[in-house]
Amino acid sequence: MKLLGRVAIVTGGAKGIGKCVCQLFAEEGAAVVVADLDVETGQMAADELAANGHKAAFVKVDVTKEESVKGLVKAAVDTFGKLDIMIANAGIAETIPIHNLSLETWNRTIDVNLTGVFLTNKYAIEQMLFQGYGVIVNTASMLGHIGRNEVTSYTASKGGVANLTRTLGVTYASKGIRVNAVCPGYIDTDLIRNKSPEAKEELIRLHPIGRLGQPEEIAKAILFLASDDSSFVCGANLMVDGGFTA
Ligand code: NAD
């Protein structure tokens, strides 16, 4: 087991990629804090893990709120004694050209996708500096590295996450804390389920591998970055995109 005895927080852990990460980490021996804004789905995900004999707890968090994120880290440490791994994964998406994009939607996307990563990384690192070790994996996106038609605030927010990750990676590497990001292509989750069949066909065509990704495939890449298998990887943005950006 790659994470035996480790304690991990997964934001956005109630569904999609985050839920798969929680499941995989629990199978690899970690105690998992499922952290999400969605109480019902998040609690169910944690209960499911616990029912299968894993160490798991649900903590409600709004990653855009400082006190909420502080409370999340404290709850993990109070419950499981330490924090080895933070997966900053909560995110929302939008596809709106800038001339139609409201300031409100822009602010909301930046708040959740970028400020949320800032806050979760900040308070995880505070705890990890105290411990002298820790690992952070941010869920960025391949769309943080390329332009994409009409995907305005989302690409801006993920570009921010990509470069924040590089800076944190180089700042904390010598302090025993590794910070990296995974950059998924289009993954078959609720985040993209409202796209039309034509839009989905186009997305599939843009992936040289000829299909969308599955959340389990991103979870495995996150496991690599969170485990000792990636012990020499710091500040990296790992593309897991079926060749989209290759
Ligand atoms: P999802 O919609 O299935 O899950 C996102 C989760 O985040 C939900 O459980 C939601 O309740 C939670 N969340 C939203 N706002 C929150 C907040 N303020 N505080 C706490 N939790 C909040 O989406 P997903 O596809 O699993 O996405 C997970 C991450 O992967 C996101 O950061 C997303 O941008 C990124 N990503 C997804 C894709 C894709 O194609 N699905 C591609 C690249 C990157």
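Predicted model: local features only at pLDDT ≥ 70, side-chain atom pairs only at ≥ 80, totals over all residues.
1. At D36, a polar side-chain atom is 2.6 Å from a ligand oxygen atom. At I17, a polar backbone atom lies 2.8 Å from an oxygen atom of the ligand. On its own the ligand has 830 Å² of accessible area, and the protein covers 94% of that.

2. Now step back to the shell around the ligand. Of its 28 residues, I17, D36, Y154, I187 and T189 come nearest. By class, the shell has 14 nonpolar, eight polar and six charged residues. Helix 1, helix 4, helix 5 and helix 6 each supply at least two residues of this shell.

3. Where does the ligand sit? Its place is the largest pocket, which holds about 980 Å³ of space. Of the 42 lining residues, G91, I92, A93, T189 and L191 are the closest to the pocket's centre.

4. Which helix gives the most to the lining of the largest pocket? That is helix 6, with four residues. The lining as a whole divides into 20 nonpolar, eleven polar and eleven charged residues.

5. Finally, have a look at the second largest pocket, with about 170 Å³ of space. Its lining includes R6, D84, Y133 and D228. Strand 5 (134–139) and strand 6 (177–184) each supply at least two lining residues here. By class, this lining has five nonpolar, two polar and four charged residues.

Definitions and conventions: Residues numbered from 1 in each chain as written. Heavy atoms only, no water. 1 Å grid on protein atoms, 1.4 Å probe; cavity = no way out; pocket = protein on both sides within 12 Å on 5 of 7 lines; lining within 4 Å. Points joined across faces, edges and corners; volume = space filled by probe spheres on them. Nonpolar A, V, L, I, M, F, W, Y, C, P; charged D, E, K, R; others polar. Near = heavy atom within 4 Å. Polar contact = N/O pair within 3.5 Å; in protein donor to acceptor, adjacent residues only side chain to side chain. Areas by Shrake-Rupley, 256 points an atom, 1.4 Å probe, with all protein chains shown as cover. Sits in = over half its atoms within 2 Å of the grid points.
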